[in-house]
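Please consider the sequence and the model displayed below.

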Amino acid sequence: MAPAKALPVDYYTPFLSDLAKRRKPSAIRSLFPLEHTPGLISLLAGKPNPTTFPFTSFSFTADSPTEGEADVEVKIGSTELAHGLQYGATAGYEKLWEWFVGLQEFVHCRKKTEDWSISIGSGSQDLIYKAVAALVNPGDPVLVESPVYAGVLPMFSNMGCEQVEVETDAHGIKSSSLRSILEEWPVGKPKPRVLYTVPYGCNPTGMTATLERRKEVLALSREHDFIILEDDPYYYLYYGTAPRYPSYFNLEMEEPQTGRVLRFDSLSKILSAGIRIGFASGPKPLLDAINKHTATSNLQTASLTQVIVYKLLETWGYDTFIQHTKKVSNFYREKRDVFEAAMKKHLTGLAEWVAPEAGMFFWFKLLLTDDPSVEGDSQALIAEKAVKSGVLALPGTAFLPNDRKTAYVRAAFSLLSEEDVNEALRRLSKVIKDART
């Protein structure tokens, strides 16, 4: 098979929003690279003088992913600390940026080329928001898997977008649903330019898209000309028994052309949620649009947190990083098993579910009547009665773009002890039983 060719730069012009097309490069930040020119005296940026900063040293310890080994001692050197305390590059701290580029080759087999790039953001949510702003105009139709991560719904609804729901099941996006939507699209009406999906351990459903489904969606993206927004914060939290499926970012190399996937990775679930670092990988024109947005909003991701993360990752290396992620995924597999055991104990006959193979959520359907053809409504039961009984979960309607009623509920199992899980589901079972009487 001949290697895939990257789509040309001008291919993306029709995909960019009117706002993205109007954005201009930052007059100051676009010149930052010239400051490294030998012999050049820079009067450019209003950077504060670092001698006024009170911080003089920084070090920390981290757990070793290797069983039995001592904690890792990490010290940030004076040069790196200077970078961490000063304004930095819009796309991210250069050393961390390069480490992430190497990670995408190590994990997804994407060699560094001029055709794709990376942008580091203040968490992947920051980058997703900027990508949506770069690709979607107010009122545009957008394809969203349904149920969908509740955090993106306001992005689309605040822009008045037509959110076109693509059906999913335990195997991911139903390509038959996607194909039907696109083939039956009204003549003369512009088709959606983006599809949003969380292919591993989807929040809320916990589903993981199969290889077959991923390939079918990729083929449809080529056939109907749309960009896949691959939001993958649970990629490293996969604990299924089957081998890990390749990402869309990897699989598109089997397509005739690359450049229809914009991927989002997050460190929140594997290093720290509070450190707020994620990164986007994809076609350079789309990353350039995101960077222009960053340059006029938050300027950059915090330099110090980037340096801290880089020093840990550089100390570990790629193999040890992967070893750490496996340790994390095993932790959540055990949490999943505890929660499912409690589900079987307390909710058998009162709910239906499919056990997740990644992530930290159970998505289950309440059986509120004896008639399976009657779709119940979890909203009042979960938001009111369950809370009064001392258990808090999220009604499924929060994850439906068009606010339909649903009998589904999302429960997170990441934090609770086995005792608390059993007590929570015991309380919930009583609420369901009372509602059925």
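The paragraphs that follow treat the protein as a whole and then turn to one helix.

The model is predicted. The protein contains 13 helices and 16 strands. Along the principal axes, its C-alpha atoms fill a box of roughly 80 × 60 × 45 Å. How does the radius of gyration relate to that of a compact globule? For 437 residues, a compact globule would have a radius of gyration near 22 Å, and the 23 Å of the protein agrees with this value.

The interior and the surface may be considered next. Of the 437 residues, 52% are buried, a class defined by a relative accessible area under 20%. The accessible surface of the protein amounts to about 20400 Å², and carbon and sulfur atoms account for 55% of that area. As for contacts between residues at least 6 apart in sequence, 73% join residues at least 24 apart.

Which residues of H7 are buried? They are Arg213, Arg214, Val217, Leu218, Leu220, Ser221 and His224. Seen down the axis of H7, these buried residues fall within an arc of 160 degrees, and they therefore line one face of the helix. After H7 comes Asp225, which has a positive phi, near 60 degrees.

Conventions
Residues numbered from 1 in each chain as written. Predicted model: local features only at pLDDT ≥ 70, side-chain atom pairs only at ≥ 80, totals over all residues. Heavy atoms only, no water. Buried < 20%, exposed > 50% of the residue type's maximum accessible area, 1.4 Å probe, protein only. Helix = DSSP H or I, 4+ residues; strand = E, 2+ residues; numbered from the N terminus. Arc of directions from axis to C-beta. Rg over C-alpha atoms; globule rule 2.2 N^0.38 Å. Contact = heavy atoms within 4.5 Å. Areas by Shrake-Rupley, 256 points an atom, 1.4 Å probe, with all protein chains shown as cover.
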